[in-house]
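Biologist: Can you walk me through this one? I'd like the layout before anything else.

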Amino acid sequence: MARGFIVIQILEVSDAERYAQYRREVLGLAAAAGGRFVVGRESRRQTLEGGWDPPVLIIVEFPSYEAARGWYFSDAYQKGLQHRLAADAELVGQLLLGDA
């Protein structure tokens, strides 16, 4: 079965405390929905080509596309998302859902 992935690129965060609250809340939510963080804040990265190098790149793997989409649009995640929005976290690119 194809897996689902959510890719989040964050360029800048204005309110680190609110963003930390967001992180604390959503880590457990992703795991409860079958999600696994495969790339996170502390992951070692190296740009091999081009100039793309966002300060924060997060990739969450889910058992399926439907599970990834369900997690993002769940009431629990949408509640936690309000902390990220309040932290004025500037996203670069898109939040992506895809099969692999």
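This is a predicted model: local features need pLDDT of at least 70, side-chain atom pairs count only at pLDDT 80 or more; totals for chains, interfaces and linings use all residues.

Biologist: Fine. How many helices and strands are in the chain?

Modeller: The chain has 3 helices and 5 strands. Along the sequence they run β-α-β-β-α-α-β-β.

Biologist: What share of the residues is buried?

Modeller: Of the 100 residues in the chain, 32% are buried.

Biologist: And the largest nonpolar core, which residues touch the most other members?

Modeller: Those are I6, Y19, F62, W71 and Y77, in a core of 18 residues. At least two core residues come from each of β1 (4-12), α1 (16-32), β3 (56-62), α2 (65-73) and α3 (75-86).

Biologist: Switching to helices. At what angle do α1 and α3 pack?

Modeller: About 160 degrees, with the axes 7 Å apart. Angles over 145 count as roughly antiparallel, so α1 and α3 are roughly antiparallel to each other.

Biologist: Is the crossing left-handed or right-handed?

Modeller: Left-handed, as α1 passes α3.

Biologist: Which residues make that contact?

Modeller: From α1: R18, Y19, Q21, Y22, E25, V26 and L29. From α3: A76, Y77, G80, L81, Q82, H83, R84 and A86. By class, that contact has 8 nonpolar, 4 polar and 3 charged residues.

Biologist: Last one. What part of the contacts with a separation of 6 or more joins residues 24 or more positions apart?

Modeller: 78% of them.

Key:
Residues are numbered from 1 along each chain as its sequence is written. Side-chain values use heavy atoms; hydrogens and water are left out. A nonpolar core is a set of buried Ala, Val, Leu, Ile, Met, Phe, Trp, Tyr and Cys residues joined through side-chain atoms within 4.5 Å. Buried means under 20% relative accessible area, exposed over 50%, partly exposed in between (1.4 Å probe, protein chains only). Helices (H or I, at least four residues) and strands (E, at least two) are DSSP runs, numbered from the N terminus. Axes are lines fitted to C-alpha atoms, for helices over the stretch in contact, and angles run from 0 to 180 degrees between N-to-C directions. Angles under 35 degrees count as roughly parallel, over 145 as roughly antiparallel, 65 to 115 as roughly perpendicular and the rest as oblique. A crossing is left-handed if the near helix is turned anticlockwise from the far one by less than a right angle, and right-handed if clockwise. Contact means heavy atoms within 4.5 Å. Ala, Val, Leu, Ile, Met, Phe, Trp, Tyr, Cys and Pro count as nonpolar, Asp, Glu, Lys and Arg as charged, and the others, Gly among them, as polar.
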